[in-house]
Amino acid sequence: MDGFFSWLEDGPLAEAIRGTAYLYPVLGSFHIIGIALLIGPAAAFDLRLLGLGQRKLRVTTVAGYLLPLSRLGFVVAAVTGILMFLPGASLMAERGSAPWKLGLLLIAGLNILIFHRRTYRGVSDWDLNEPSPVPARTAAVVSLTSWTGVTVAGSLLAYT
């Protein structure tokens, strides 16, 4: 695996990121913006599922406004995260928090997949004035917990 990470570090894109003044901090800034766009709307949606939001708004309405922002945030965060990983791939891969971040990303992704393929399909039964079913509330808790963990583990990449 070390050879793969060295190959990534030695690639032209990693060299360009390392060799271009201010590119890495600009990527970092856009990464933070992506994280905010991802987690902020997702958290608001999760809180609605948990009944802490306005039950006056349909779950589908809230999803329609918030989840596209989360998707955009995910794309921005993923692209910038990969670009920031390249110049120091070997070092980052050795960090103790790296497997936690990747594992929690996997959990968050699986949670989204399961929620949208199963639970959300029955949303018409609990879209308005009904408490979200247990699977939807469970998905909300898993989402809030896993995205918080991804953020913490990502921050720890610089220190562990």
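Guide: A polar contact is a pair of N or O atoms within 3.5 Å; within protein, one must be able to donate a hydrogen and the other to accept it, and residues adjacent in sequence count only if both atoms are side-chain atoms. This is a predicted model, where local features need pLDDT of at least 70, side-chain atom pairs count only at pLDDT 80 or more, and totals for chains, interfaces and linings use all residues. Residues are numbered from 1 along each chain as its sequence is written, and side-chain values use heavy atoms, with hydrogens and water left out.

Visitor: What does the side chain of R95 reach, and what makes that a polar contact?

Guide: The backbone oxygen of L157, at 3.1 Å.

Visitor: Where is R95 found?

Guide: Look in the loop between helix 5 (89–94) and helix 6 (98–117). Helices here are DSSP runs (H or I, at least four residues), and the protein has 7 of them and 0 strands.

Visitor: Why is R95 said to have no salt bridge?

Guide: A salt bridge needs a side-chain nitrogen of Lys or Arg within 4 Å of a carboxyl oxygen of Asp or Glu. For R95, the nearest side chain of opposite charge, E94, is 7.4 Å away, so no salt bridge forms by that rule.

Visitor: Is R95 buried or exposed?

Guide: Buried, meaning under 20% relative accessible area (1.4 Å probe, protein chains only). Of the 160 residues of the protein, 35% count as buried.

Visitor: Which residues does R95 touch?

Guide: Leaving aside residues up to four places away in sequence, R95 touches L157, A158, Y159 and T160, where contact means heavy atoms within 4.5 Å.

Notes: Helices (H or I, at least four residues) and strands (E, at least two) are DSSP runs, numbered from the N terminus. Buried means under 20% relative accessible area, exposed over 50%, partly exposed in between (1.4 Å probe, protein chains only). Lys and Arg count as positive and Asp and Glu as negative; His and the chain ends are not counted.
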